[in-house]
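Trainee: I have this one open on my screen. Can you walk me through parts of it?

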Amino acid sequence: MDHNDRDRQLRWLQEWPEVGPPICVLQGFSGIGKSWVAREMVRKFDGPTAFVKVTEDCLGVEDLLLEIASDLQSTGLDVMAEQPELDLRLGLDDAMRKKCLIVVDDLHEILDPTTRLPGGGLLEIIRRIGNHPAWPGRLLFVTNEALPEGHWREDIAVRTLHPPSEDECTDLLADLLTAAGRSDAVPRAQRSDVVRWLGRNPRALQVLVGCLAEDALEDLIALDQKAWELRDDVIAPSLVKRLEELFLSRTLSRLNSASLILLRQLSVYRKPFVKDAIARANVVAGEHLESKQVLTARFLLELHRNWYSLNPVGRQLALKQLDAEPRQLLRAHNSAADHYSRHFVAKKIDDPVAHASEFVEARYHLLKSDRSEEFSRIAGRMHQRIVATYSTSNKVPESEGKIEELIMLLASILSDSRRGSPKLRHYLARLLMSRGRTGDDIVALRQTRVAVSESADPAVWILHLRLLAKVEGIDAVRTSAAEAYKQLSSASSAVIGIAEAKLLGQAGHLKQGIGVIRSCLSRGAPGHEFTLYQLGCALMLRDGDYPAAVELVVEGLGSVDPDGGHFHRVLEGGLFPALARRDVDTIRRLESLIPQCDRTEHMKTLCRLLELQCIDQFEAAAQYGSIEAGRYQAVTSSRAFSRLVCGDIAGAASVYYGRLMVSNPASEWLGGVLALAENKEAVAASAFGRCLRRSLTEEERADPNLWLRIWDEIPSVVETYPAFYFPRLPARLTGLSVDLTRLEAADSVIRPQIIDRVRLLSRSTDSPGQESSTRDDSARRTDGRTDGIVIYNNVSSTSAPLWKGNSVGDTYNINGPTGAVGPGATSHAVSIGSAWQPSGPDQARQLVEELTLLHNHLVGQASTAAERTVAAEIEAAAVTADSKDMEATAGHLRRAGRWALGAATTIGTAVAAAAIKAAVGV
């Protein structure tokens, strides 16, 4: 782009406040003057303005909204500060309905690390305001990064500011040299070369002139001779930044002691500051003024309308030096804390919004300097505003530091309160559980105990029940659940019942859990029947009552709508336990209950395929079923497993990878076993990690029989697990003389004398597909009876559980409000999100439509098996969302993860993106 383009963009920006649209993004390389342009726009604007800067470690949109409200109020617009419900998001809408200009600088500090789109809740605000092109308010975002293309940009203007022209920069360099008294430091004939060398970057030119106070130009060129030789090429911003760092490192090394101390002390300030900050710095008395002048002359310190700021590259270099000196770092934060907290010395703060920016920074520096008690006193005076601002928060940050800061903030305003703020208490409890320190569960329980007394939100009650199970035991869960049934609606009662039954099952109180399921079914549970039947069947199986489990499945098949998308889930709850017992009669009975129609043919195929496996006809099972039936994941997995048993590793892989497999522990386990059979250890380790939903230890990676240990262990939490779908490992798969059959039980581990003899297919000394000399088929039977080794729960474990959540005292990482308890509700090193709920029928339909669009988009984009799996999860989510099963939908969206979120954001499917965000806990 040439000089004319920059002029054109600047003219457009001058006209934009009058002509719109309401939102503009100004992007461009660091140091070319974007912030200066934005400040000039604010200075010239005829009306209320706000100029806020996103800082590193920003906690999210709440902090920004507080500062915007403060700036607008100080310039004459108080609609945000005086919003009736104290909801700053709604207040921002009200502000945008009036003439105003809001600038958010350094947007790149809050971009999503995966999608590189505005994060922290900003994207939703952009979409909402963008839908109102007639609003007179203007919102300008300034960023160093070029933002991704996508539908999200359709209602906003994006302008790219390029560096000034070579002539302009040459003139700027001359002015800078003259002002510094160094005109002879750069010969006129070389100035154009210098400008090109530094990428026509005004800030880099300032830094260069600062360096010339101590160094000759030739010495600076010698720092990176190659960059000088490439000056006539297009210079990358990263190269310019590296040159800045080289120059500034040299400048810092030449500063006198007092000036360097002042620079380091000021480097902890994340935002522009007034002269009081300089006066408070821990510099020798009387040297503040001289040191300030030195930093200004070196272009390390800049003054703009009574506000000082540091060169951002120089600040980072000084801060890095300060980090190496903990005592000096603490003194710097103490000084900054004093600077910002001076506004809160009074016992009463009449208008907390007026000092919102100072509050945010005081919080940051007080906590950094271990002055949490002082911050608590300040926060107490800001109680009402903090409650209003953070009650709508639902994201648990990934950064431990941000979690800590939020915990301190919320705990400080809730510590002395006996009631109120249930949403805020729920959020604090989730933050505490995410932090996971000793005693955090007890503190979290105190918060949820107050919250449930004032809330009808099932998510609050579910977290409370989980905390009770961990801290006080199952009796407390039962008592609290009984109270929840009285207070909540019938629809919510079913969700509570599912949560209570799971906790009872996890604690070993299987019969009581079954009783809860029966009670919920008798009361009626629209939209949750299939989950109740599935869970009831699982509890009965763990209780050893296989006949009762079969009868419950039969009842469920007669109650669940075959067209509702969940009929097959209930059916599977009976089919695979029957496979484990080689119970052909039950498989045929369940098949007879499947309605006869094209939509259910794949279920009948599964029944017949499993019947063949029951009688060891794996060759026939491997070929059974049409291509259409193979689109049903249970059929695909069973056919792939059958081929694997037959020794046809390539054929098994072809079947497995030929379908978009939904990722769950069972499918990932099968993928890992296939990879092992192909001698692809790294691929297998990745699959087993996804199966366990955590990173493998080094010991596990080196264990050749990890696949068998995972298969053998059943998690205490009722969820999908490999041995449910693959309950029998035939002898020809393991190299043993007998089959291994895993019945439903907890905490079972294979005997050492068995596992030492296991050889998986090609990992034995035999060729793939050939019988091993150690194998003995004499133990195989075809009379329908279970034979070989049957593993029950009376084998004591000698190692730590593989599955996360395999003890009653698990840590619950709840990273989003959840309206239902779905599979995998606990996590180990994985944050699980929430079941997003539509606001009404229209939004529910929109979710289904957008998920369908997203699936079509992902199918076109997918190039790897993992990406195809994500597309399949989105397809499954569309089906469950259409059936109004938001619990199952959240599970599919959670497994789809951030790649799907990025795609949803890019193509503009806002409702789908919101649902995925809630599910993954973003």
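Mentor: Terms first: helices (H or I, at least four residues) and strands (E, at least two) are DSSP runs, numbered from the N terminus. This is a predicted model, where local features need pLDDT of at least 70, side-chain atom pairs count only at pLDDT 80 or more, and totals for chains, interfaces and linings use all residues. Residues are numbered from 1 along each chain as its sequence is written, and side-chain values use heavy atoms, with hydrogens and water left out.

Trainee: Okay. Which helix is Glu62 in?

Mentor: Glu62 belongs to helix H3, residues 61-74.

Trainee: Does Glu62 count as buried or exposed?

Mentor: Buried, because its relative accessibility is 8%. Buried means under 20% relative accessible area, exposed over 50%, and partly exposed in between (1.4 Å probe, protein chains only).

Trainee: And how far apart are Glu62 and Gly121 in space?

Mentor: From C-alpha to C-alpha, 8.6 Å, although 59 residues separate Glu62 and Gly121 in sequence.

Trainee: New topic, the sheet. What is the order of its strands?

Mentor: The order is E2-E3-E4-E1-E5, an open sheet of five strands with parallel pairing. E2 and E5 (157-160) are at the edges with a single partner strand each, so one side of each has no neighbour in the sheet. Two strands pair if DSSP finds at least two bridges between them.

Trainee: How many bridges join E2 to E3?

Mentor: Five, and E2 (residues 49-53) runs parallel to E3. Val52 has Val104 of E3 as its bridge partner, and Ala50 has Ile102. E3 also pairs with E4 (residues 138-143) in the parallel sense, over four bridges. There, Leu101 stands opposite Arg138 of E4.

Trainee: Why is E3 largely enclosed by the rest of the structure?

Mentor: Because five of the five residues of E3 (residues 101-105) are buried. Leu101, Val103 and Asp105 point one way from the strand, while Ile102 and Val104 point the other way.

Trainee: Last one. At what angle do H27 and H29 pack?

Mentor: About 15°, with the axes of H27 (residues 529-542) and H29 (residues 567-580) 8 Å apart. Axes are lines fitted to C-alpha atoms, for helices over the stretch in contact, and angles run from 0 to 180 degrees between N-to-C directions. H27 and H29 are therefore roughly parallel (under 35 degrees; over 145 is roughly antiparallel, 65 to 115 roughly perpendicular, the rest oblique).

Trainee: Which residues in H27 meet H29?

Mentor: Phe530, Tyr533, Gln534, Cys537 and Leu541, which meet Arg569, Val570, Gly573 and Pro577 in H29. Contact means heavy atoms within 4.5 Å.
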